[in-house]
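Have a look at the picture, and then we'll go through it piece by piece.

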Amino acid sequence: MSHRIDIEALSELREIMEDDFGMLLDQYISVSHELIDEMDEDLQRDDREALSRNAHSLKGSSMNLGAKALAQRCGVLEEQAKETCSADSLEALIRSIAEEYEGTVVDLEALRNPG
Amino acid sequence: MSCQNGGVRDANSQGATTLKVIFPDNVDVPMAIHSTVSNNCLKIVIEGQFDLHSHKEFLASYSDVDFNPQTYVVDMRGANYLDSSALGMLLLLRDHAGGDDSKVEIVNCNPDVRKILSIASFEQLFQIH
Amino acid sequence: MSSSVRILVADDNSVDRLYLSSILRKEGYQVLQAVDGRDAVEQFEEHRPEIVLLDVIMPVMDGMEAARLIKEISGEFFVPVIFLTSLTGKDDLVKCLEAGGDDFLSKPYSPVILRAKLNVLQRFRQMQVTMLEQRDQIALHNRDLIRDQEAASGIFNCVAPSGALERDNIRHLISPLAAFNGDVLLAERSLSGSLHILLGDFIGHGLTAAVGTIPLAEVFLSMTHKGHLLRDIVVECNSKLNSIFPTGYFCCVNMIEMNMLKGTIEIWAGGIPDAYITSENGEVRRIESQHVPLGILGPKSFDPSTQVFEVSVGDRLIMFTDGVLEARDAEGNDFGAARVEEILSGDGDIGDHFDELTRQIHEQIGGREGDDDITLIEIEMVADKEMEPVAEYQGAGSSEARDWRMTYELGTSSLKSFHPLPLIHQIIMEGQDLQGHGSLLYTVLAELYNNALEHGVLNMPSSKKVGEGGFAKYYEDYQKALEELEEGFVRFECESSERDGEVEMTIRVIDSGAGFDYHNVCFDKQQANGQYHGRGLGLVNQLCSSMTFKGNGNEIEVVLRTSIGSS
C-alpha cells in the first residue's frame with residue numbers, strides 16, 4: 001500500500017480538512033474519474049495540449065492527496081503528450097493511469113477513517 | 001489608482017512594477033568631513049561638495065568635541081564647490097568659536113572657493129590662506 | 001490582522017482549489033476562488049484582493065498571462081503573486097519569475113511553507129503601502145509649502161510693489177523663483193531727488209529667504225523716501241537683519257544711490273558678484289564687493305563705507321546675482337564672469353548690451369526648467385530734469401500745528417556722524433498742512449544744510465566741486481575734512497505762524513564758519529548756469545518767498561509761504 005499512497009501527505013490533508021476530509025476525498029475520486037474520461041476524448045480529438053493539461057491537473061491533485069504512484073504516471077503522460085508520441089503509446093499510458101486510479105481509490109477508501 | 005507625482009512607475013516587459021526614486025543631480029560626490037585635534041587646535045578637513053547637505057556632518061565635526069579649542073582650521077583641500085549655505089555654516093562655526101573674538105583659519109582653498117570667499121569679503125571674518 | 005486580508009486562489013482543479021482554500025481559511029484569510037486565468041483577472045479587477053495565488057497551467061488563460069495582467073491592473077500597488085506549480089524544471093521556474101511571479105508553492109501543499117511565504121510577502125506589501133502613504137503625505141506637504149510661499153510672495157509685492165522698478169531708465173529681469181530663492185530688487189526715489197536701488201540675494205531657500213525680504217524692503221523704502229543717506233540706510237538694514245536672523249543667515253546686497261544732480265553713483269557692495277559701469281566711450285569699470293553681507297556683523301563692527309563713481313548721462317550700471325554667473329548649459333558649464341565682461345566690452349551701442357546679455361544667458365540655459373534663476377538689472381544715468389517729481393505719501397494726520405518754533409543745533413560730534421535732514425524735515429512736516437510741499441521743503445533744507453556744513457563749517461570752496469577728479473575727489477576731501485574737524489556747529493531755527501490765511505514758515509540756518517561777502521552775489525545768474533555747483537542756493541532762492549543772508553554770511557534765512565489747504 002505504501003508505494004501508492006504518501007501517508008504523510010494524506011495526514012497533512014486530513015488535519016487541515018478536519019470534518020471535510022471525507023468530502024474532499026469524494027471530490028477527488030469523482031474529479032479524477034472525469035479527468036480520465038476527458039483524456040480519452042482529448043486523444044480521440046488529437047488535442048495533445050488538452051491531454052497534457054489534464055494529465056498535469058490530475059498529477060497535481062494526486063500529489064496533494066498523497067496518490068504518488070498515480071501522480072507519477074500522470075507526469076509521464078504530461079510529458080509524452082507534448083512530444084511527437086504515437087497515439088497508441090499515449091493510449092497505453094491512459095489505460096495504465098486508469099488502472100492505477102482504480103487501485104488508488106481502493107487504498108484511499110481504506111484510509112478514509114483515521115486510526 | 002494612477003501614479004501621482006513623486007514615485008515613477010517603471011513597468012518591465014512582463015508587467016512587474018517597481019518604484020523608482022529620483023535623486024537630484026548634484027548628489028554626485030559624497031561629502032566627507034573629518035576632524036583632528038592637536039595642540040589646542042581643531043582641524044576640520046572637507047572633501048567634496050560643501051553645500052546644503054553637509055550641514056549635519058559639519059556641525060557634528062566641531063560640536064561633539066570635549067574640550068574648547070583655542071583655534072580652528074578649516075581645510076578646504078578637497079572641497080571643489082561652496083554654496084551660500086556653506087558660507088552660513090562657516091559663520092556658525094565662527095560664532096561657536098567666539099564670534100568677533102574667534103580665531104578661525106580657512107586654508108587650502110582652490111581658486112573657485114577663494115573667489116566665493118572673496119566676494120563675500122570673508123577675509124574680514126576669517127584668516128584665509 | 002490576517003482576517004481582513006483577501007487572497008485569490010486560481011486553479012482549474014477543484015480539489016486543489018478546495019484544499020488550498022481550506023489551508024488559507026485556517027490561517028485566517030478570506031478566500032476568493034477562480035477556475036481559470038481569465039476568471040482570475042476578472043475577479044481581481046472587481047474585488048482587488050491583497051494577494052494572488054495562481055496555478056500555472058490552466059485552460060482559457062494560463063497563470064503567467066493572468067499574472068501579467070493582474071500586475072498591470074494593480075499599477076503602483078504591490079500585489080504579491082505566488083505561482084502554484086508542480087513543475088520542477090528550473091527553466092519553468094525561471095519563466096514563472098520572469099512572468100512577474102514573486103514566489104512559487106509546489107504540490108503537495110505544505111501549510112507551514114505556505115505560511116512562511118505569505119508572511120514575507122505580507123511584510124513587503126505593508127512596507128510598500130507605508131511608502132506610498134508617506135509619498136502622498138510629502139506631496140501634500142509640498143503643495144502646502146508652495147501655497148505658503150505664494151502667499152508670502154503676495155505680501156511682499158504689497159510691501160515692495162515692483163512698479164517702482166518701472167522706470168524709463170531701468171531695465172531688469174527678476175527670477176520667477178525670487179519668492180523662493182531670496183532675490184530682491186527695489187528702487188525708490190529719495191526725497192532728496194536721488195534714485196536708490198537695492199539688489200539683494202538672501203541665503204537659503206523658500207520661506208527662510210523670502211521672509212527676510214519684507215523687513216529689508218520696509219527699512220530701505222521708508223528711509224529712502226524720508227531722504228536718509230545711503231550709509232545710514234545700510235547701517236539700519238544691517239541692524240534690522242542682524243536682529244531678526246539667527247547666526248548663519250545673511251543677505252548679500254548692492255545698495256546704490258544714483259545722484260543725477262551730482263552725476264555720481266555711490267555704492268555699498270557686500271557679497272554680490274562684480275557689477276559694471278559701461279560708458280559710451282567704451283570704458284567698462286568693475287565694481288567689486290568690499291563688505292561682508294548684511295546680517296552678519298553687529299552695529300559696532302559694521303562698516304558702512306561706500307565707493308563713489310563719477311558717471312555721465314548715458315552711462316549704465318549693470319548688476320546681477322550669482323544666478324547669472326552660474327547659468328549652466330547642457331554640459332554643466334557655467335556662464336562665468338569672463339563671458340559677461342566680453343559682452344559688456346563688445347562693439348555697438350552700450351544700450352544693446354543688456355539685451356545681448358539676456359539673450360546669451362537664455363541661450364545658455366536653453367529652456368531647462370529650474371535654471372531660469374536670473375536676476376539682473378541695468379540702470380541708465382539720466383539728466384536730473386528728466387526725472388519726474390518725487391511722489392509723496394499722503395499722510396493721514398489731521399492735526400495741525402500752525403504756530404510753533406524750534407531750535408536744533410548740531411555740535412562737532414553730531415556733524416561728523418549724524419545726518420539731520422530726515423529728522424528736521426519730519427518735524428516740520430508733521431502736523432503741518434504742507435502736503436505736496438514735502439519735496440520742496442526737503443530740497444531747501446538740504447541745500448541750506450550742505451551749504452552750512454561744507455562751505456561754512458568745513459570751509460570747502462564750491463569751485464572744487466567741478467575740477468580734477470570731479471565729485472569723487474570732492475567727496476573724499478569732504479570726508480577727510482569732516483573727520484579732522486575739531487570744532488563747529490550748525491543750528492536750525494524754525495518758526496511757523498499763521499497770517500492772512502497763509503502759513504508762513506521761517507527757516508534760519510547758522511553755521512560756525514567764517515562767512516563770506518554776500519553783498520555782490522547774484523543768484524539768478526548762477527541758477528541759469530545749470531551746473532550743480534551754482535545750483536544750490538540759487539535754487540533755494542527760486543523756491544522760497546525770500547532768501548536773506550545775515551551775520552557775516554554764516555547765516556541764511558528763508559521764508560516759505562503756503563496757503564492753508566493748498567496743495
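## How two helices cross

A crossing is called left-handed if the near helix is turned anticlockwise from the far one by less than a right angle, and right-handed if clockwise. Helices (DSSP H or I runs of at least four residues) and strands (E runs of at least two) are numbered from the N terminus. With that in hand, H1(A) passes H1(C) in a left-handed crossing.

## What you are looking at

This is a predicted model, where local features need pLDDT of at least 70, side-chain atom pairs count only at pLDDT 80 or more, and totals for chains, interfaces and linings use all residues. Residues are numbered from 1 along each chain as its sequence is written, while chains are lettered from A and ligands numbered from 1 in the order in which they are written.

The predictor gives the complex an ipTM of 0.93 and a pTM of 0.67. For single residues there is pLDDT, the predictor's confidence in each residue, from 0 to 100. Chain A averages 90 on that scale, and 97% of its residues score at least 70.

## Where chain A meets chain C

How many residues does each chain bring to the contact? Chain C puts in 17 residues and chain A puts in 17 residues. Two residues are in contact here if their C-beta atoms, placed from the backbone, lie within 7 Å. On the side of chain C that touches chain A, helix H1 (residues 14-26) of chain C gives the most, with eight residues. That side of chain C divides into nine nonpolar, four polar and four charged residues. In this count Ala, Val, Leu, Ile, Met, Phe, Trp, Tyr, Cys and Pro are nonpolar, Asp, Glu, Lys and Arg are charged, and the others, Gly among them, are polar.

Back to the two crossing helices: H1(A) and H1(C) pack at an angle of about 55°, with their axes 9 Å apart. Axes are lines fitted to C-alpha atoms, for helices over the stretch in contact, and angles run from 0 to 180 degrees between N-to-C directions. Angles under 35 degrees count as roughly parallel, over 145 as roughly antiparallel, 65 to 115 as roughly perpendicular and the rest as oblique. H1(A) and H1(C) are therefore oblique to each other. Leu13(A), Ile16(A) and Met17(A) from H1(A) meet Tyr19(C), Ser22(C), Ile23(C) and Lys26(C) from H1(C). By class, that makes five nonpolar, one polar and one charged.

## Inside chain C

Chain C holds 17 helices and 20 strands. Take Leu191(C), in the loop between strand S7 (183-189) and strand S8 (195-202) of chain C. Buried or exposed? Leu191(C) is buried, because 24 other C-beta atoms lie within 10 Å. Leu191(C) and Leu441(C) are 250 residues apart in sequence, and their C-alpha atoms are 9.4 Å apart in space.

Chain C also has a helix pair to look for: the axes of helix H2 (residues 37-47) and helix H3 (residues 63-74) come within 9 Å and cross at roughly 15°. That makes H2(C) roughly parallel to H3(C), and their crossing is right-handed. The contact of H2(C) with H3(C) has seven nonpolar, two polar and two charged residues.

## Inside chain B

Chain B has three helices and seven strands, running β-β-β-β-α-β-α-β-α-β from the N terminus on. Of its 129 residues, 29% count as buried.

Helix H1 (residues 55-63) and helix H2 (residues 84-96) of chain B pack at an angle of about 20°, their axes 11 Å apart. That makes H1(B) roughly parallel to H2(B). Here His55(B), Phe58(B), Tyr62(B) and Ser63(B) in H1(B) meet Ser85(B), Met89(B), Leu93(B) and His96(B) in H2(B). By class, this contact has four nonpolar, four polar and no charged residues.

Definitions and conventions: Buried ≥ 20, exposed ≤ 12 C-beta atoms within 10 Å, placed from the backbone.
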